[in-house]
Amino acid sequence: APCTECSCSSGKETDKNTSNTKKKENGDQSFIPKIFFGTRTHKQISQITRELKRTAYSSVPMTILSSRDYTCIHPVVSNNVGNRNEMCVELLEGKHGKSCLYYHGVHKLSEHHALQSAHRMYHAWDIEDLVSLGKKLHACAYFAARELMVGADIVFCPYNYLLDPQIRESMEINLKGQVVILDEAHNIEDCARESVSYGVTESQLRATREELDFMVNNNIRQKDHEPLRAVCCSLT
């Protein structure tokens, strides 16, 4: 039944500028915005997807963007706590003559979800579901989730994926014309501060100062390095 609180109850077409779809500049194909749903933690994403399964929208194409800490299934990289990102990049670049078998199987995961959607067997899923399926198909869940973003109507992710410009660029997230929902938005201020903050230890500052001392004393770009050394000295 039509709503009683909005213009759709009249049964008449509303102004084209307020329509849910926008026309692309290069043709008549309609542009349907994605919904980017940001949460504070990955645990909250699990709660939201669990609730989504219980609704009539469980079959809507979706994806979950998360870090390699949650989605990497490579036996060596996933067991390395310190530098999963660096090890993953090295494998993708083929350093040391090795590559990632799971990355080359990404299409298996994306095609699996496409087939489910075509046969109307698609249901909302969680990160654990994607990782479990990735292990069965020997396909990378991290990059599969990114590929699924292309056809997804709903994209779940932590706050910083939407707030941090560097993460947005690396994940190829374009928010222009999209719908953004921020769950528990009172946490946004802290997350925004973290996105533009950087922490260093005293030992790192002292090591930096020693290197700057060496460059200044050896007249290596002295004008550039002297102000930096002064900053390190004032902080230590």
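When I say contact, or that one residue touches another, I mean heavy atoms within 4.5 Å. What does M62 touch, not counting residues up to four places away in sequence? The list is T49, L52, Y122, A124, W125, L148, A152, I154 and F156.

Before I go on, the ground rules. This is a predicted model, in which local features need pLDDT of at least 70 and side-chain atom pairs count only at pLDDT 80 or more, while totals for chains, interfaces and linings use all residues. Residues are numbered from 1 along each chain as its sequence is written, and side-chain values use heavy atoms, with hydrogens and water left out.

Confidence next. pLDDT is the predictor's confidence in each residue, on a scale from 0 to 100. The protein chain averages 84, and 85% of the residues score at least 70. My helices (H or I, at least four residues) and strands (E, at least two) are DSSP runs, numbered from the N terminus. Among these elements, the lowest mean pLDDT, 48, belongs to strand β1, residues 22–23, and the highest, 96, to strand β6, residues 179–182. Over residues 7–25 the pLDDT is below 50, and this stretch has 19 contacts in the model beyond near neighbours in sequence. Where pLDDT is low, the predicted coordinates should not be read in detail.

Now the core. I call a residue buried under 20% relative accessible area, exposed over 50%, and partly exposed in between, with a 1.4 Å probe and protein chains only. A nonpolar core is a set of buried Ala, Val, Leu, Ile, Met, Phe, Trp, Tyr and Cys residues joined through side-chain atoms within 4.5 Å. The largest such core here has 45 residues, and M62, L65 and F156 have the most contacts inside it. Helix α6 gives the most to this core, with 6 residues. As background, nonpolar side chains in soluble globular proteins tend to be buried together.

One is Y161, in helix α7, residues 159–163. Y161 has a relative accessible area of 8%, so it is buried. Leaving out residues up to four places away in sequence, Y161 touches L65, S66, S67, I167, R168, M171 and I173. The C-alpha atoms of Y161 and I173 are separated by 8.2 Å, with the two residues 12 apart along the chain.

The other is R146, in helix α6, residues 141–148. For charge, Lys and Arg count as positive and Asp and Glu as negative, and His and the chain ends are not counted. R146 is buried yet has no salt bridge; E172, the nearest side chain of opposite charge, is 5.0 Å away.

How many salt bridges does the rule give? The count comes to 8. One of them joins R40 and E184, with the closest N and O atoms 4.0 Å apart. R40 is in the loop between β3 (35–39) and α1 (42–53) and E184 in the loop between β6 and α9 (188–195), so the pair ties together parts that are 144 residues apart in sequence. R40 is partly exposed at 45% relative accessibility, and E184 is partly exposed at 33%.

Another salt bridge, E202 with R206, has its closest N and O atoms 2.6 Å apart. Both residues lie in helix α10, residues 202–217, 4 residues apart, about one turn of the helix.

Last, the aromatics. Rings of Phe, Tyr and Trp (its six-membered ring) pair if their centres lie within 6.5 Å; planes under 30 degrees apart are stacked, over 60 edge-to-face, and the rest tilted. There are 3 aromatic pairs by this rule. In one of them, the rings of Y103 and F143 have centres 4.9 Å apart and planes at 80°, so the pair is edge-to-face. This pair links distant parts of the chain, 40 residues apart: Y103 is in the loop between α3 (84–92) and α4 (106–118), and F143 in helix α6. Y142 and F143 also pair edge-to-face, at 4.9 Å centre to centre and 85° between the planes. Y103, Y142 and F143 form one aromatic cluster. Within it, Y103 is partly exposed at 35%, whereas F143 is buried at 14% and Y142 is buried at 7%.
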